[in-house]
Amino acid sequence: MQGTAADIIKRAMINVDAALRESDLDAKVVMQVHDELVVEVAESQVDALSELLRSNMESAADLSVKLVVDIGVGSNWDEAH
């Protein structure tokens with residue numbers, strides 16, 4: 001199970017990176033923590049980035065159950081939780 005989760009987050013990171021390169025967003029993935037991606041973005045672009053993250057991460061794997069992405073926002077990792 002842990003190996004599958006690791007593969008899914010890696011696929012999600014690749015999808016998100018490609019989507020960010022194609023977008024007009026000024027955002028970058030800073031790091032991965034377990035099953036989370038930490039991304040820096042301007043406050044004015046948070047909503048657009050959230051939609052991009054949700055769609056790309058939820059489609060990272062074709063499973064019989066839906067992948068659900070929770071998004072937290074804050075000026076640091078602690079606030080985002």
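Reader: So Ala, Val, Leu, Ile, Met, Phe, Trp, Tyr, Cys and Pro count as nonpolar, Asp, Glu, Lys and Arg as charged, and the others, Gly among them, as polar. How do the residues of the lining of the largest pocket divide, then?

Author: The lining has 21 nonpolar residues, six polar and five charged. Keep in mind that this is a predicted model, where local features need pLDDT of at least 70 and side-chain atom pairs pLDDT 80 or more, while totals for chains, interfaces and linings use all residues. Residues are numbered from 1 along each chain as its sequence is written, and side-chain values use heavy atoms, without hydrogens or water.

Reader: Ok, what volume does the largest pocket have?

Author: About 1,000 Å³. A pocket here is an open set of points on a 1 Å grid over the protein atoms alone, where a 1.4 Å probe fits, with protein on both sides within 12 Å along at least five of seven lines; lining residues have an atom within 4 Å of a point. The volume is the space filled by probe spheres set on those points, which are joined across faces, edges and corners.

Reader: Which residues are the closest to its centre?

Author: Look for Glu36, Leu37, Asp70, Ile71 and Gly72, out of 32 residues that line the pocket.

Reader: And which elements give two or more residues to that lining?

Author: α1 (2-22), β2 (36-41) and α2 (46-58) do. The most comes from β2, with six residues. Helices (H or I, at least four residues) and strands (E, at least two) are DSSP runs, numbered from the N terminus.

Reader: Switching topic: how many salt bridges does the structure hold?

Author: One. Arginine 21 and aspartate 17 make the salt bridge, at 2.9 Å, N to O; the term asks for a side-chain nitrogen of Lys or Arg within 4 Å of a carboxyl oxygen of Asp or Glu.

Reader: Where do arginine 21 and aspartate 17 lie?

Author: Both are in helix α1, four residues apart, which is about one turn of the helix.

Reader: Is arginine 21 buried or exposed?

Author: Arginine 21 has a relative accessible area of 67%, so it counts as exposed. Aspartate 17 is at 34%, so that one is partly exposed. The cut-offs are under 20% for buried, over 50% for exposed and partly exposed in between (1.4 Å probe, protein chains only).

Reader: What about histidine 34, where is its place?

Author: Histidine 34 sits in the loop between β1 and β2. Its phi is positive, about 55°, although it is not a glycine. Histidine 34 is exposed because its relative accessible area is 70%.

Reader: Which strand does valine 30 lie in?

Author: Valine 30 is in β1, residues 27-33. With 42% relative accessibility, valine 30 counts as partly exposed.
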